[in-house]
Each structure stands twice: as C-alpha cells, then as structure tokens.
Amino acid sequence: MTGKQAKARNGAIDFWKFVFSIMVVQFHSSNLTKIKTTPFVGAAIAVEFFFLVSGYLMAASISRYQEADIVVGRDSRRFMLHKIRGLCPEIFIAWGIGYVVQHIAKKNVTPSSLIKDLMTGVWDLFFLRESGLEGFRANPAAWYISAMLLAMLVLVPLFFKNRDIFINVWAPILAIAALGYLSKNVGDLRGPTDWLGFCYKGWLRAVGELCMGVICWGICQKIKDMPYTRLAKCLLTLLELACYLGVILWSYSHKGSQMDFVMLLLFAAGVVVTFSGHSLLSSFFNKPLVYFLGKVSFPIYLSHNYWSHALVRIYPEQSYVQLYPKYVLASILTTAVIYLAAAGMRRMAPAFFATCRALFLENG
C-alpha cells in the first residue's frame with residue numbers, strides 16, 4: 001500500500017468495521033439453533049455502524065464537488081455508478097457462492113427449480129431486493145447493499161440539488177421522520193425484510209441512518225479543526241470507546257427493542273469522534289494490518305449468512321456446538337475466496353473490457 005493510499009484510509013474506522021462485521025457473523029450463527037439464543041444475540045445492531053459510515057462518506061464525497069459545476073441528474077448517476085463499482089465484483093462472487101451453497105443444502109432440487117431460482121434471483125444481482133421485487137435470495141445478508149443503494153438513489157439528487165439545505169434541513173427531517181416512524185410503529189431496528197405496507201423496513205432504516213451519517217459529517221466538520229488540549233483528546237477517546245464498547249456489551253444479551261435507537265445514538269457519537277481524528281487512538285490504528293482488516297470486512301459480511309442457513313439442512317441432527325466450528329471455518333474460507341477472486345478480477349478487468357470493446361465496437 002502506498003503512502004497516498006494509506007493516508008486516504010481511516011485506520012480506526014477500518015478497525016471498527018472489522019469488529020462489527022465479526023459481530024454480524026456471530027449474530028447469524030443463531031440460525032444454527034432453534035432457540036435463536038447465542039452470545040451477542042443482539043449483534044444485528046452492528047449494521048447501524050455501517051449505515052452511519054456510508055452516510056458520512058456519501059456526504060464527504062459529495063462535498064468535494066464544485067457547486068458551480070454540478071448537474072444534478074448527471075452527477076447523481078455518476079455517483080451511484082461509482083458506488084456500485086466499488087461493491088463489485090465481491091457482491092456477484094458472493095451471490096454465486098450463495099446460489100451453489102443453498103442448492104447443495106436443498107432437497108429435491110430439479111433443473112427447473114435451478115433455472116427458476118436463477119431467473120428470479122436477478123433482482124439481487126441488480127440490487128433491487130429492498131424495492132419489493134420478490135425472488136430467490138442467494139445471499140440473505142445482501143439486503144443491506146440493496147437498502148443502502150435504493151436509499152441513496154433518493155437522497156443523492158436531493159444532496160446535489162442544494163447541499164446546504166440537505167445537510168441542515170432535509171437530513172435532520174428525514175432522519176427524525178424515518179426513525180420516529182420505526183420507533184412508534186415497530187419498536188426496534190431489526191427485521192429488514194419486514195414489509196411496512198409501502199416499503200421494506202430495511203429501506204426506511206437506511207434512509208434514516210444514512211441521513212444520520214450526513215449529520216455526523218456536518219458535526220465533524222465543525223469540530224475536527226478545533227485545537228483541542230491533551231485533556232480534551234483524552235476525554236474524546238474515552239467517549240469513543242464508551243460508545244462502541246457500550247453497544248458491544250449491550251448486544252451480548254439484549255435483542256431488539258426501543259434501546260436500538262439509543263444504541264444508534266451511541267454509534268453516531270462514536271463515528272463523529274473517530275472521523276474527527278482527535279481520538280488518541282487515531283494514529284494507533286493507522287497501520288497496514290488494520291487497513292487490510294478494513295478491506296476484508298466487506299467479504300466477511302458477504303461470506304457467512306448462506307452457510308448459517310445451509311449447514312442446519314446439511315447436518316440436521318447436529319447441535320449448535322457441533323455446527324458452529326463448521327460455520328466459522330466455512331465463513332473464513334469463503335471470505336478468502338471472495339477477497340482473492342475479487343482482487344484477481346480487478347487486475348484482469350482493464351484487459352477484459354478492452355477486448356470487449358475491440359470485439360463489439362468499431363474503432364474500440
């Protein structure tokens with residue numbers, strides 16, 4: 001990794017991304033047992049961290065555009081395509097693995113069912129699962145990607161239209177409206193595929209939390225250049241650790257409830273401190289190993305959920321204690337496959353697309 005690349009990454013964010021992706025893996029191990037009670041039974045709350053970080057980075061990216069040069073439609077399209085390219089090819093590799101794993105675990109698989117699942121699974125490949133379009137779900141964990149992109153599809157044009165109004169007016173309004181609706185009518189932040197009558201719960205959750213991430217970015221811009229004393233930085237470091245560790249400890253034995261919204265607020269405070277760079281831990285985490293952990297967190301997120309569903313079908317008589325090591329090993333190996341295959345495909349992509357242009361386009 002070059003010095004320029006290292007500087008572009010936030011080591012502390014990479015570290016916590018890795019921690020919370022592991023928590024999601026542990027949470028989905030509950031699918032291995034009928035009682036659905038395991039350590040970190042409330043670890044689904046970890047996904048809120050990723051939504052907040054995505055909202056923050058969305059704001060940071062759009063803020064770099066020169067307002068005088070913005071064309072809302074064009075730049076919204078470019079932003080979304082750039083975001084999608086960043087998720088590929090990992091998301092497609094994981095989909096293919098999930099498709100194979102789930103059909104290995106299924107009984108009475110026929111050629112027609114394979115074709116039907118392949119065809120109806122197209123909505124996942126186009127990130128449209130949270131739109132309401134139904135089909136085969138090769139990778140259940142991919143709901144997050146769909147919810148994030150579909151929420152951005154609405155938020156990004158508003159952001160480009162008027163940055164000042166979006167940051168100071170629309171983001172707070174949408175965050176309060178979305179999260180307030182979920183608090184009043186549902187009571188927690190879980191169940192992303194629950195249908196609310198007009199959208200999936202996961203999409204509304206994404207809208208509210210991405211907007212919270214934008215608010216975090218706005219607050220961070222106000223505080224990151226302040227000349228804090230050593231004492232102030234110590235206090236900010238304690239606040240950062242208290243926020244993240246508080247969520248982790250709470251998630252160990254608590255399922256979804258109204259406390260989810262409090263945990264989201266703790267996450268938001270932690271994200272502001274972490275991105276501000278004033279935490280004493282900031283320089284500690286800026287290391288190549290931590291940057292790698294941040295990069296591998298996405299393949300980890302994509303590598304495990306289908307195994308949690310498949311292993312109980314493959315080994316129906318085995319207990320959680322017997323299945324868990326298999327689940328962890330399968331997730332580790334799948335993570336490695338996704339990470340290495342994606343890296344190889346990215347290296348081959350320029351030559352591949354150049355060949356395609358030459359084959360199908362004149363003067364390509």
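Predicted model: local features only at pLDDT ≥ 70, side-chain atom pairs only at ≥ 80, totals over all residues.
From its first C-alpha to its last, α8 reaches 28 Å, which is close to the 27 Å expected at 1.5 Å a residue.

## The largest cavity

The structure holds three cavities of 30 Å³ or more, and in the largest of them lies about 50 Å³ of space. The lining of this largest cavity is made up of Ile91, Trp123, Asp124, Phe127, Leu128, Arg129, Ala142, Trp143, Ile145 and Ser146. Two or more residues of that lining come from each of the elements α7 (122-125) and α8 (143-161), and α8 gives the most, with three residues.

Sorted by class, the lining of the largest cavity has seven nonpolar residues, together with one polar and two charged residues.

## Helix α15 and what covers it

Helix α15 spans residues 305-314, and within this helix Asn305, Tyr306, Trp307, Ser308, Ala310 and Leu311 are buried. The cover over these buried residues of α15 includes several other helices, among them α2 (11-28) and α5 (90-105), as well as α14 (288-303) and α16 (320-360).

Terms used: Residues numbered from 1 in each chain as written. Heavy atoms only, no water. Buried < 20%, exposed > 50% of the residue type's maximum accessible area, 1.4 Å probe, protein only. Helix = DSSP H or I, 4+ residues; strand = E, 2+ residues; numbered from the N terminus. Contact = heavy atoms within 4.5 Å. 1 Å grid on protein atoms, 1.4 Å probe; cavity = no way out; pocket = protein on both sides within 12 Å on 5 of 7 lines; lining within 4 Å. Points joined across faces, edges and corners; volume = space filled by probe spheres on them. Nonpolar A, V, L, I, M, F, W, Y, C, P; charged D, E, K, R; others polar. Expected span 1.5 Å × (residues − 1).
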